[in-house]
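Okay, my turn. Let me put the model on the screen, and then we'll go through its aromatic rings and its surface.

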Amino acid sequence: MWQSYSNGLLVAIGLIMAIGAQNAFVLAQSLRREHHIPVAALCILCDAVLVAAGVFGLATLLTQSPTLLAIARWGGAAFLLWYGSQALLRAARPQSLQATDNEPRSLRAVMLAALAVTLLNPHVYLDTVLLIGSLGAQQPEPGAYAAGAASASFLWFSALALGAAWLAPWLAKPLTWRLIDLGVAAMMLAVAAQLILGAL
């Protein structure tokens, strides 16, 4: 069970921590203390629902078809290898995560913007439903894997929401993102190796 949980945690945290529109939005709201807790909670909830849909929806399909399971296994391994290599390339050319400065908005406007940033991004479906879901469907304990992935989302967005003022100086440094990307690459390549070895 703990192996499945840790796999979900590592894969999800590696995907979530990459610089992206959702992270930038949560960080911006947190630095401005503008509805940052509801925004983080919404992101956590959306991730958990999408991961569960992927893990348990795909689990049924994959267990009924060895061919689909093999495609998911090798496809997932290939994606993880590619994603890990992209993280290594980003580490060679580190960026920083900056918050934007806008006029204050209502809770409704902020939550709608958070939903748009989260659900209108096609990468969220590739990451949570397809990649995390297909990997989770292959785990001995899919439920533990989904819990691990949800925990990663909870930990990351809670850190951004509650620790933004403390994290901001580090998140603005390219060196921090170089170290994060190196860690992401290591996690992704390790899980890819585990998938490949399990298929041999």
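So, there's one aromatic pair in this structure, where pairing takes ring centres within 6.5 Å for Phe, Tyr and Trp (its six-membered ring), with planes under 30 degrees apart called stacked, over 60 edge-to-face and the rest tilted. Here it's Trp2 and Tyr5: centres 5.7 Å apart, planes at 75°, so edge-to-face.

Quick caveats. This is a predicted model, so local features need pLDDT of at least 70 and side-chain atom pairs pLDDT 80 or more, while totals for chains, interfaces and linings use all residues. Numbering runs from 1 along each chain as its sequence is written, and side-chain values use heavy atoms, leaving out hydrogens and water.

Trp2 and Tyr5 sit three residues apart in helix α1 (residues 2–16), so about one helical turn separates them; helices here are DSSP runs of H or I, at least four residues, numbered from the N terminus. Buried or exposed, then, for Trp2? Exposed, at 61% relative accessibility, whereas Tyr5 is partly exposed at 23%. The cut-offs are under 20% for buried, over 50% for exposed, partly exposed in between, with a 1.4 Å probe and protein chains only.

Now the surface. Leu81, Leu88, Leu175, Leu179, Leu182 and Leu189 make a nonpolar patch of about 520 Å²; members need over 30% relative accessible area and no salt bridge, and nonpolar side chains are joined within 5 Å. Which elements give two or more residues to it? α4 (66–92) and α9 (174–199), with α9 giving the largest share, four residues. Leu179 is in α9, and Leu179 is exposed at 53%.

Technical notes:
Patch = residues over 30% accessible without salt bridge, like charges linked within 9 Å, V, L, I, M, F, W, Y side chains within 5 Å. Areas by Shrake-Rupley, 256 points an atom, 1.4 Å probe, with all protein chains shown as cover. Salt bridge = Lys/Arg side-chain N within 4 Å of Asp/Glu carboxyl O.
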